[in-house]
Amino acid sequence: MDAYTISTARSRFFNEDQEAPSAFTTLGWRGAVLYRDCHGVQRMPRILWDAICAATRAHAWRICGYSLLGEDEDEEPCHLIAAEYEKFADDKSNPAIESPVWVAYDSSETWAVLADTDTTTFGCASEVATAIDGYLDNYGTSLRKLTESDYGPAEEWSYLESVLREKAP
């Protein structure tokens, strides 16, 4: 759906209720949580970005960010941005450059990223997560390992567990 704004995209993909059993609105999703300030405007390491692109074959992402609105203005719809790691920060139409909080997803809506004020939460359908973990395994990591390298053992954080959704091997 092209008409998402950041508010509608955020509520479409992410369940931000403190008591929610999952961080995602779609059953069966899992993902990773990253400390966003370690990863530049992309808000995730290059290896995860490349894994998302490889697993989903997405060449463009829809990105929405917050902006200052006048009294009678509506939020901007998401922008279609080329999924190129190096060019992401240079694309002047990219809302992520101006907005500290943004949401990205592709047209299949089988994955989404929420770059919030302190974390980046990535989530996707189970089969996409399996493909991403397969890609990441070639580099000795996984969605769980990326999360735990930024935050420590996931078992200590209920939010992390609600994102990872799988038991540690």
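Good morning. I begin with helix α2, residues 46-56, in which L48, W49, A51, I52, C53 and T56 are buried. Please keep in mind throughout that this is a predicted model. Just after α2, R57 takes a positive phi of about 55 degrees.

What does this helix rest on? Helix α2 packs on a sheet, where it touches β1, β2, β5 (111-115) and β6 (119-124). The direction of α2 makes about 125 degrees with that of β2.

Let me turn to the sheet itself. It is an open sheet of six strands, in the order β1-β6-β5-β4-β2-β3, and the pairing is antiparallel. Strands β1 (30-35) and β3 stand at the edges with a single partner strand each, so one side of each has no neighbour in the sheet. From one strand to the next, the twist averages 20 degrees.

At one of them, β2 and β3 run antiparallel and are joined by four bridges. Within that pairing, A60 has A82 of β3 as its bridge partner. At the other, six bridges join β1 to β6, and these strands also run antiparallel. Here V33 has T121 of β6 as its bridge partner. Is β1 mostly covered or mostly uncovered? Strand β1 is mostly covered, since five of its six residues are buried.

Next, the cysteines. How many disulfides does the model contain? The count comes to one. The bond is formed by C64 and C78, whose sulfur atoms are 1.6 Å apart. C64 lies in strand β2 (residues 60-65), while C78 is in the loop between β2 and β3 (79-82), so the pair ties together parts that are 14 residues apart in sequence. C64 counts as buried because its relative accessibility is 1%, under the 20% limit. C78, at 10% relative accessibility, counts as buried too.

Two further cysteines deserve a word. C53 is buried, with a relative accessible area of 16%. C124 is likewise in no disulfide; for C124 the nearest cysteine sulfur is that of C53, 13 Å away. The relative accessible area of C124 is 0%, so this residue is buried.

I come now to the interior. In soluble globular proteins, nonpolar side chains tend to be buried together. In this model the largest nonpolar core has 52 residues. Which of them have the most contacts inside it? They are L48, W61, Y105, F122 and I132. W61, leaving out residues up to four places away in sequence, touches M44, W49, I52, C53, H79, L80, I81, A83, A104, Y105 and W111.

F14 and F24 are both buried. Elsewhere, ring pairs link W49, W61, Y85, F88, W102, W111 and F122 into a cluster.

Finally, I would draw your attention to W29, which lies in the loop between α1 and β1. Is W29 buried or exposed? At 3% relative accessibility, W29 counts as buried. Leaving aside neighbours within four places in sequence, W29 is in contact with F13, F24, E109, T110, W111, A112, G123, C124, A125 and R165. The C-alpha atoms of W29 and S162 are separated by 9.7 Å, although the two residues are 133 residues apart along the chain.

Thank you for your attention.

Note on methods: Residues are numbered from 1 along each chain as its sequence is written. This is a predicted model: local features need pLDDT of at least 70, side-chain atom pairs count only at pLDDT 80 or more; totals for chains, interfaces and linings use all residues. Side-chain values use heavy atoms; hydrogens and water are left out. A disulfide is a pair of cysteine sulfur atoms within 2.5 Å. Helices (H or I, at least four residues) and strands (E, at least two) are DSSP runs, numbered from the N terminus. Buried means under 20% relative accessible area, exposed over 50%, partly exposed in between (1.4 Å probe, protein chains only). Two strands pair if DSSP finds at least two bridges between them. Axes are lines fitted to C-alpha atoms, for helices over the stretch in contact, and angles run from 0 to 180 degrees between N-to-C directions. Contact means heavy atoms within 4.5 Å. Rings of Phe, Tyr and Trp (its six-membered ring) pair if their centres lie within 6.5 Å; planes under 30 degrees apart count as stacked, over 60 as edge-to-face and the rest as tilted. A nonpolar core is a set of buried Ala, Val, Leu, Ile, Met, Phe, Trp, Tyr and Cys residues joined through side-chain atoms within 4.5 Å.
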